[in-house]
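Visitor: Hi, I have not looked at this one before. Could you walk me through it slowly?
Guide: Gladly; let us bring it up and begin with the overall layout.

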Amino acid sequence: MTDRSPIPEFDPQGPQLVYVAVADHITARIAAGELAPGARLPAERDLAEEYGVAYLTVRRAARVLRERGLILTVHGKGTFVVDPLPTDEGPQQV
């Protein structure tokens, strides 16, 4: 058994913005280990098809994930899960 949490179903219903729901679901996939540090994410168009959303929705979700420090996009190479993943700990006080 692992201590990783199961990945919830993707359900963009409700008050949450769809791009935030996509970003939260990809975050859960990273936390569960489905997308490991250093792993290359599928192309944005493939993710859009997988999630049943518009391409620009996935692009905006990727921006949220970059702001969260979870992914890194390298022009001409793709988008990758950062390695190492950021910790939940805040800045250290001295």
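**A first walk through the model**

Guide: Following the chain along its sequence, the protein has the pattern α-α-α-β-β, and please keep in mind that this is a predicted model.

Visitor: How many helices and strands are there in the protein?
Guide: There are three helices and two strands, and of the 94 residues of the protein, 32% count as buried.

Visitor: Okay, the strands then. Which way do S1 and S2 run, parallel or antiparallel?
Guide: They run antiparallel, with strand S1 covering residues 71-74 and strand S2 covering residues 78-81, and four bridges join them. Within that pairing, Thr73 stands opposite Thr79 in S2.

Visitor: And what happens at Gly76, in the hairpin of S1 and S2?
Guide: The hairpin has three residues between its strands, and there Gly76 takes a positive phi near 85°. As background, most residues other than glycine have a negative phi, and most peptide bonds are trans.

Visitor: Speaking of peptide bonds, is the one from Asp83 to Pro84 cis or trans?
Guide: The bond from Asp83 to Pro84 is cis, with omega near 5°, and Pro84 has its place in the segment after S2.

Visitor: Changing topic: how much space lies in the largest pocket?
Guide: The largest pocket holds about 230 Å³ of space.

Visitor: What about the rings, how many aromatic pairs does the count come to?
Guide: The count comes to zero aromatic pairs.

Visitor: Now Leu35, where does that lie?
Guide: Leu35 lies in the loop between H1 and H2.

Visitor: Why does Leu35 count as buried?
Guide: Leu35 counts as buried because its relative accessible area is 9%, and the cut-off for buried is under 20%. Leu35 and Val81 are 46 residues apart in sequence, while their C-alpha atoms are 7.1 Å apart in space.

Visitor: And Ile30, buried or exposed?
Guide: Ile30, which has its place in helix H1, is buried, because a relative accessible area of 5% falls under the 20% cut-off. Between Ile30 and Leu85 there are 55 residues of separation in sequence and 9.1 Å in space, taken C-alpha to C-alpha.

Definitions and conventions: Residues numbered from 1 in each chain as written. Predicted model: local features only at pLDDT ≥ 70, side-chain atom pairs only at ≥ 80, totals over all residues. Heavy atoms only, no water. Pairing = 2+ DSSP bridges. 1 Å grid on protein atoms, 1.4 Å probe; cavity = no way out; pocket = protein on both sides within 12 Å on 5 of 7 lines; lining within 4 Å. Points joined across faces, edges and corners; volume = space filled by probe spheres on them. Phe/Tyr/Trp six-rings, centres within 6.5 Å; stacked < 30°, edge-to-face > 60°. Buried < 20%, exposed > 50% of the residue type's maximum accessible area, 1.4 Å probe, protein only.
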